[in-house]
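Trainee: Can you walk me through this one before I set anything up? I would like the conventions as we go.

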Amino acid sequence: MKIAVLSRNANLYSTRRLVEAGRERGHEVRVIDTLRAYMNIASHKPSIHYKGSELEPFDAIIPRIGASITFYGAAVLRQFEMMGVFPLNESVAISRSRDKLRSLQLLSRKGVGLPVTGFAHSPDDIPDLISMVGGAPLVIKLLEGTQGIGVVMCETEQAAESVLEAFMGLKANIMVQEYIREAGGADIRCLVVGDKVIAAMKRQAKPGEFRSNLHRGGSASLIKITPEERMTAVRAAKVMGLNVAGVDILRSNHGPVVMEVNSSPGLEGIESTTGKDVAGLIIEYIEKNARPNQTRTKGKG
């Protein structure tokens, strides 16, 4: 098969591993810099050009689109889909998962466990917004933030009011969530491929920090997840319409709650922690499922 990997940097661990895994299994794999691909949007004959010439046809495409280029990356991926190329994750599903508020609304509609979350526009509604999520301590998140950036924990209601007023004054889109104290600064990253959790790790925040992201100095360890956690992760990926997803779950007193569904999960942490060949399993999924003109919007919204 001819497989393209949409990625800004061929040297990134995840991109490198996907290329290696594809070539080991006898496929032709090419990395395409997302921002250097450009489109000819013509009726009946969509095409993509790259660094001055038209791209050859591919059987499948693996999108590794960074959050900062979601709009352009999704447009490039959509063009590949229009040309009949099988996408590992569809453009609509990626756009859906990148909008934190939209993804939580879709998950809540399907009854997936979530932390109590509030969203408001007017500073006049701040007191009610805070009480809606159970008061302080609470977590405030920028909707556009990634890797733990733009996430603030407020210990008191006074601090929460000040932070919310500041963010609202800057016209930033924010949401407020209950703080799951019993999680103890740890979350579980479940890597879903198709309808299975193929690997899971526990991420623990460093002392004095509540964000467990590995980019923030968190540590990772092996964990055995429960059938309920496994089912929650698979359902969350399915609601988003993602074939491959990193689903972040917290253990709360009322069962597993989903914090986020990531459409381009990093492979380094999960492969080194679990020893699993995640990249190989992703290529295997493509081999079993890639057919021309198979793009259809999964899920709703």
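Mentor: One convention to start: the expected span of a helix is 1.5 Å times one less than its number of residues. Helices (H or I, at least four residues) and strands (E, at least two) are DSSP runs, numbered from the N terminus. The model is predicted, so local features need pLDDT of at least 70 and side-chain atom pairs count only at pLDDT 80 or more, while totals for chains, interfaces and linings use all residues. Residues are numbered from 1 along each chain as its sequence is written, and side-chain values use heavy atoms, with hydrogens and water left out.

Trainee: OK, what does α2 span, end to end?

Mentor: The 13 residues of α2 reach 18 Å from first C-alpha to last, close to the 18 Å expected at 1.5 Å a residue.

Trainee: Which residues of α2 are buried?

Mentor: T70, G73, A74, A75, V76, L77, Q79, F80 and E81. Buried means under 20% relative accessible area, exposed over 50%, and partly exposed in between, with a 1.4 Å probe and protein chains only. After α2 comes G84, with a positive phi near 90°.

Trainee: And what touches S47, leaving aside its neighbours within four places in sequence?

Mentor: Y38, M39, N40, E54, Q79 and M83 are in contact with S47, where contact means heavy atoms within 4.5 Å. S47 is in strand β4 and counts as buried, at 2% relative accessibility.

Trainee: Changing topic. At what angle do α3 and α4 cross?

Mentor: Roughly 100°, with the axes of α3 (residues 91–98) and α4 (residues 100–109) coming within 5 Å. Axes are lines fitted to C-alpha atoms, for helices over the stretch in contact, and angles run from 0 to 180 degrees between N-to-C directions. The two helices are therefore roughly perpendicular to each other. The scheme is: under 35 degrees roughly parallel, over 145 roughly antiparallel, 65 to 115 roughly perpendicular, the rest oblique.

Trainee: Which residues meet there?

Mentor: From α3, S95, R96, S97 and R98; from α4, K100, R102, S103 and L106. By class, that contact has one nonpolar, three polar and four charged residues. Here Ala, Val, Leu, Ile, Met, Phe, Trp, Tyr, Cys and Pro count as nonpolar, Asp, Glu, Lys and Arg as charged, and the others, Gly among them, as polar.

Trainee: What do the buried residues of α3 pack against?

Mentor: β6 (60–63), α2 (70–82), α4, α7 and β16. The buried residues themselves are S91, A93, I94, R96 and S97.

Trainee: Then α7. What is its end-to-end distance?

Mentor: The end C-alpha atoms of α7 (residues 227–240) are 20 Å apart, which agrees with the 20 Å that 14 residues should span at 1.5 Å a residue. The buried set in α7 is E229, T232, A233, V234, A236, A237, V239 and M240. Their cover includes α3, α4, β12 (186–193), β13 (196–204), β15 (244–252) and β16 (255–262). G241 follows α7 and has a positive phi, near 80°.

Trainee: How many domains is the protein divided into?

Mentor: Three are listed: domain 1 (2–96), domain 2 (117–179) and domain 3 (182–288). Those bounds come from an automatic or database domain assignment. Taken over C-alpha atoms, the centres of domain 1 and domain 2 are separated by 36 Å.

Trainee: Where does R25 sit?

Mentor: R25 is in the loop between α1 (13–24) and β2 (28–32). R25 counts as partly exposed, at 38% relative accessibility. Not counting residues up to four places away in sequence, R25 touches G280, I283, E284 and E287. R25 and S95 are 70 residues apart in sequence and 30 Å apart in space, C-alpha to C-alpha.

Trainee: Is K171 buried or exposed?

Mentor: K171 is exposed, with a relative accessible area of 68%.

Trainee: Which residues does the cis peptide bond join?

Mentor: A136 and P137, with omega about -5°. P137 is in the loop between α5 (126–132) and β9 (138–142). G135 lies in the loop between α5 and β9 and is buried at 6% relative accessible area. Leaving aside neighbours within four places in sequence, G135 is in contact with I130 and E157.
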